[in-house]
Amino acid sequence: TCPVGIATQNPELRRKFQGKPEHIERYMRFVAQEVREWMARMGVRSFDELVGHVELLRQIAVDPSEKASRLNLSRLLYQTRIDPDYGLWHFANPQNHNLKREFDLLTLVPLAASAIHSGQRVEARLDIHNRNRTLGTVLSSEITRAHGEAGLPDDTIHLFLHGSGGQSFGAFLAPGVTLDLQGDCNDYLGKGQSGGRIIIRPPKDSPFDASENIIVGNVAFYGATGGEAFLNGMAGERFCVRNSGVTAVIEGVGDQGCEYMTGGVALVLGKTGRNFAAGMSGGVAYVLDEDGDFSASLNTGNVSLHPLDSEDIERVRQLLERHRDYTGSAKAQRLLEECTDQATDGFSRFVKVVPDAYAQVLAALKVAAEKQLDHDESLIYAYNAVVSSKKKAG
C-alpha cells in the first residue's frame, strides 16, 4: 500500500512514482564529486590510500556540557602496525573465511553432486553439531546456481540428520532439499528459507512430552519466502517474524509470534506468548485455543480473530496429517482423532488470525478470480475495493 509507488508491485500505485533512474544516477555523481573533493583536501587519490589511515581522522571538539564530549574514541583512532614491505598488515592480506572447512562444502555439496548435476535422488544419514552453522546454505547456493530459482523437484535431496543444528540451520534453503533432523536447533532456523522442507523432531527414545518442550530457538523463519516446516516441539520468541511465504507447523511459541508477518501460513498447536501478530500485515495464522484465553495474548492493532470456514478446516486437517506423518507428533495424532470423533466441531477450538486489510484483499481477489481477471487487473481491482471500503468506513 506504499502511497508514493516505491515499495509496491501494485500497478495502480506504481503509476504514482515520479522518480527516474537518471535522478539516482545524478545523485550518486554528486556524492562521488564531494568524496573526491574531500580526498583532494587530504592529499590522496584513491580509496586504497585511505584504508587504515586513522591518522587522517580527528575527534571534533564539542561543548563540555554535551553528552558527546564524554566519548573516548582513542581505540577507534588507534594507529595499527605498519609492515614496511606490505603496508598496513591488517588490511593488506585478503581475508580467509575458511569456507572450505565448513560442513556444506566438505560434506553436503560432494554428497549431493549427482542430484545437482543429473537430478538423481540422494539420501544420506549424518551426525551434526551446533558448530555447523548455516547448514544447507552453501548447498542451496550450488542448486540455485545450477537450476535457478526453481531449484530441484521436491525431496530430490533428503538428509536424515542427528544432533543439534547450529545457528541459521536451513537458511535460504532451496527447493528440492529436505533437512530431516532428530534433535534440536539453535536460533534463526530457516532464515530466508525459499523452498524445500525442514523437519525437526526429538530423538525416538526421548522420554519427555515434545509438545511441552523447546525444540528450536528464537527468530525462526525470519524473512522466509517459501517452503515448509514441521517442528515437533515449541519455539522461542519471534517465531515467523517477517515470514512472507513459508508454511510452518509448531506446537507452541514464545512472545511476539508472527511479528511483522507478510505472507505464508503458521499453524500453532499450543500456547503462545504475549504480543502475538504485532505488526502482522499479511499471511494467516491458525492457533489452537484450548483454554479460550488466546485473545489476551493477541496484539489487535491490525488483526482480527475469525472462526475457521470449510476451506480453513481442510487446510488445518491436511497440515495436521502431514505434521503427524513427518514428525510422529503425538499431539497432531490426538487432535486428528478428536476432530474425527466430533466431525468439524472438533476444529472449533482453532482460531484464525488474519490482518484486517489482508482479509479485504483476499476477498477482493476471490471476486476478481470469479470475474476471470488477469494478474494486474486483479491487483488493481483488489486495491480499489480496499480503498472504497476505507472511504465508506469514514
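Predicted model: local features only at pLDDT ≥ 70, side-chain atom pairs only at ≥ 80, totals over all residues.
Is Phe-230 buried or exposed? At 0% relative accessibility, Phe-230 counts as buried, because the limit for that class is under 20% relative accessible area.

**Overall architecture**

The protein chain contains 10 helices and 14 strands. Its C-alpha atoms fill a box of roughly 80 × 60 × 55 Å, taken along the principal axes. Of the 394 residues in the chain, 41% are buried. Among contacts between residues at least 6 apart in sequence, 43% join residues at least 24 apart.

**The nonpolar cores**

The largest nonpolar core has 54 residues. The residues with the most contacts inside this core are Phe-169, Leu-189, Phe-221, Phe-239, Phe-276 and Val-353. Apart from this core lies another, of 20 residues, among them Leu-267, Leu-320, Phe-350 and Val-354.

When its neighbours within four places in sequence are left aside, the contacts of Phe-276 include Val-253, Gly-257, Cys-258 and Val-268. Phe-276 also touches Ala-285, Val-287, Phe-294, Ser-297, Leu-298 and Asn-299, as well as Val-353.

**Aromatic pairs and charges over rings**

A pair of aromatic rings is described by the distance of the centres and the angle of the planes.

| Aromatic pair | Centre to centre | Angle between planes | Arrangement |
|---|---|---|---|
| Phe-230 and Tyr-326 | 5.0 Å | 40° | tilted |
| Phe-347 and Phe-350 | 6.1 Å | 35° | tilted |

Phe-230 is buried at 0% relative accessibility, whereas Tyr-326, at 26%, counts as partly exposed. In the pair of Phe-347 and Phe-350, Phe-347 is buried with a relative accessible area of 1%, and Phe-350 is buried with a value of 2%. Phe-350 is also one of the residues of the core of 20 residues.

Charged side chains are placed over aromatic rings as well. The charged end of Arg-41 sits over the ring of Trp-38, 4.3 Å from the ring centre. Lys-191 lies over the face of Tyr-188, at 5.4 Å from the centre of that ring.

**Two helices**

Which residues of helix H4 (residues 103–111) are buried? They are Phe-103, Asp-104, Leu-108 and Val-109. Seen down the axis of H4, these buried residues fall within an arc of 125°, so they line one face of the helix. What covers them includes helix H5 (113–118), strand E3 (122–128), helix H6 (137–147) and strand E4 (157–165).

Helix H9 (residues 356–370) has 15 residues. From its first C-alpha to its last, H9 reaches 22 Å, close to the 21 Å expected at 1.5 Å a residue. After H9 comes Gln-372, whose phi is positive, near 60°.

**Positive phi angles in loops**

Most residues other than glycine have a negative phi. Thr-134, although it is not a glycine, has a positive phi of about 50°. Thr-134 lies in the loop between E3 and H6 and is partly exposed, with a relative accessible area of 33%. Arg-242 is another residue other than glycine with a positive phi, near 55°. Arg-242 is found in the loop between strand E9 (234–235) and strand E10 (244–250). With a relative accessible area of 42%, Arg-242 is partly exposed.

**Exposed loop residues**

Where does Ser-65 lie? Ser-65 has its place in the loop between helix H2 (21–42) and strand E1 (82–83). Ser-65 is exposed, with a relative accessible area of 61%. The C-alpha atoms of Ser-65 and Glu-37 are separated by 33 Å, and these residues are 28 residues apart along the chain.

Gln-18 is placed in the loop between helix H1 (11–14) and H2. Gln-18 is exposed, with a relative accessible area of 64%. Between the C-alpha atoms of Gln-18 and Ile-6, which are 12 residues apart along the chain, the separation is 9.4 Å.

Key:
Residues numbered from 1 in each chain as written. Heavy atoms only, no water. Core = buried A, V, L, I, M, F, W, Y, C linked by side-chain atoms within 4.5 Å. Buried < 20%, exposed > 50% of the residue type's maximum accessible area, 1.4 Å probe, protein only. Contact = heavy atoms within 4.5 Å. Helix = DSSP H or I, 4+ residues; strand = E, 2+ residues; numbered from the N terminus. Expected span 1.5 Å × (residues − 1). Phe/Tyr/Trp six-rings, centres within 6.5 Å; stacked < 30°, edge-to-face > 60°. Lys NZ or Arg CZ within 6 Å of the ring centre and 35° of its normal. Arc of directions from axis to C-beta.
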